[in-house]
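Hi,

Here is the structure I said I would pass on.

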Amino acid sequence: MAYIISGIQQLGVGVPNVQEGFKWYRQNLGIDIPVLDEASEANLMLPYTGQKPHQRHAILAISGKGGGGLEIWQYTSRTPQPCPFSIELGDLGILIGKIKTENIQESFAFFNKKGVTVLGEITENPIKQKHFYIKDLYGNMFEVIESQEMFGSSNHATGGPIGAVMGVTDIDKSMKFYTDILGYDKVLFDKEDTFSDLQNLPAGKNKCRRVILTHSKPREGSFSRMLGNSYIELIKVYDKTPRKIFENRFWGDLGFIHLCFDIKNMDALRKKCAEANCAFTVDSGTNFEMGDAAGHFSYIEDPDGALIEFVETFKIPILKKFGWYLDLRKRKPEKPLPNWMLKTLSFSRVKD
């Protein structure tokens with residue numbers, strides 16, 4: 001059986017204080033449903049943590065509106081390090097997280113009223129989506145994109161992550177990677193120019209090549225309806241020397257640490273990645289447990305070293321307080337879970 005990608009499961013973000021981060025993301029982005037909350041030792045990421053295990057606290061939270069979640073990640077055995085330079089468009093790695101909103105005007109007014117840093121006005125991107133950019137309390141950039149594809153309900157207009165903007169050195173090489181491995185086989189836009197909707201971003205006035213990719217076929221799998229469609233945007237900026245955002249820093253330090261995809265059939269994916277000369281750099285094996293969930297995770301690097309995580313979920317809590325856990329290994333891998341079942345996760349919503 002071939003591997004299946006259900007969608008973007010989560011965007012990892014390293015923060016100095018996990019509880020402070022979770023509070024900000026739930027109050028401002030509506031990412032307020034914790035799926036797991038665990039403090040333990042991260043002993044499988046040694047290639048990216050100085051070959052030493054470290055203590056950490058992680059909260060994975062989602063939005064009732066759908067899209068992926070945020071894995072909010074804090075070192076507790078060391079002080080997480082910030083990027084030593086101001087990150088600009090075209091620097092190498094995950095530059096911007098894309099999140100969706102069902103009402104762009106409502107979200108724009110909300111963020112301004114809350115005092116969130118808003119970068120410019122509402123504009124249109126090259127594929128005619130209304131959007132604008134914000135910064136979180138740590139300076140990480142998010143693109144808020146209007147979308148009518150919402151999964152469920154929430155008190156916020158925004159949903160979860162639906163993609164990322166990646167800074168790259170070679171657009172064509174990166175396009176092949178994201179197409180061949182991750183299924184982003186539909187080119188929505190590809191042009192070299194200066195772009196008015198980027199003007200308020202750092203280095204946004206520079207000429208760049210900008211490519212927006214999506215997948216031509218709807219995703220399949222257990223969480224595909226909730227995760228929904230997604231986009232990868234590749235940016236190569238001219239007239240500047242790009243810097244690697246996580247050079248000389250650990251995975252888990254401050255900023256966007258990985259982009260994670262929910263998958264089925266890790267063995268087939270491992271074979272595909274090896275054939276494409278991007279073999280797994282981390283592989284948890286099949287007995288990995290994280291809090292109340294269990295599964296199998298692995299990592300690869302994109303052509304510029306950005307970390308891509310894959311998670312094959314075996315067990316998740318549906319109604320934890322009633323002891324209801326779902327074993328996904330007993331289901332057909334391509335079959336989506338019923339909407340009503342996934343919406344029961346909202347019973348765990350944290351209300352401030």
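This is a predicted model: local features need pLDDT of at least 70, side-chain atom pairs count only at pLDDT 80 or more; totals for chains, interfaces and linings use all residues.

Now for the aromatics as a group. Searching the whole structure turns up 13 aromatic pairs. F108 and F132 make one of them, an edge-to-face pair with 5.1 Å centre to centre and 85° between the planes. That pair links distant parts of the chain, since F108 sits in helix α2 (residues 104–114) and F132 in strand β7 (residues 130–135), 24 residues apart.

What about F297 and Y299? Their ring centres are 6.0 Å apart and their planes lie at 90°, so this pair is edge-to-face as well. F297 is buried at 8% relative accessible area, and Y299 is buried at 2%. Both belong to a cluster in which ring pairs link W73, Y75, W251, F297 and Y299.

On to the nonpolar cores. The largest has 55 residues, and those with the most contacts inside it are Y178, L182, L234, F261 and F310. Helix α1 (residues 18–29) gives this core its largest share, 5 residues. As background, nonpolar side chains in soluble globular proteins tend to be buried together.

Next, the sheet. An open sheet of 8 strands runs in the order β6-β7-β8-β5-β9-β12-β11-β10, and its pairing is mixed. Which strands stand at the edges? They are β6 (117–124) and β10, and each has a single partner strand, so one side of each is left without a neighbour in the sheet. From one strand to the next, the twist averages 20°.

Within the sheet, β5 (residues 93–101) and β8 (residues 141–146) pair in the parallel sense over 6 bridges. K100 stands opposite I145 in β8. Helix α1 packs on the sheet, where it touches β5, β7, β8 and β9 (158–167), and its direction makes about 110° with that of β9.

Last, two backbone spots to check by eye. Most residues other than glycine have a negative phi. Q51 has a positive one, near 60°, and A203 has a positive one near 65°. Q51 is in the loop between β2 (33–42) and β3 (54–62), while A203 is in the loop between β10 (186–193) and β11 (208–214). Are they buried or exposed? Q51 counts as exposed, at 56% relative accessibility, whereas A203 is buried, with a relative accessible area of 17%.

Cheers

How values were computed:
Residues are numbered from 1 along each chain as its sequence is written. Side-chain values use heavy atoms; hydrogens and water are left out. Rings of Phe, Tyr and Trp (its six-membered ring) pair if their centres lie within 6.5 Å; planes under 30 degrees apart count as stacked, over 60 as edge-to-face and the rest as tilted. Helices (H or I, at least four residues) and strands (E, at least two) are DSSP runs, numbered from the N terminus. Buried means under 20% relative accessible area, exposed over 50%, partly exposed in between (1.4 Å probe, protein chains only). A nonpolar core is a set of buried Ala, Val, Leu, Ile, Met, Phe, Trp, Tyr and Cys residues joined through side-chain atoms within 4.5 Å. Two strands pair if DSSP finds at least two bridges between them. Axes are lines fitted to C-alpha atoms, for helices over the stretch in contact, and angles run from 0 to 180 degrees between N-to-C directions. Contact means heavy atoms within 4.5 Å.
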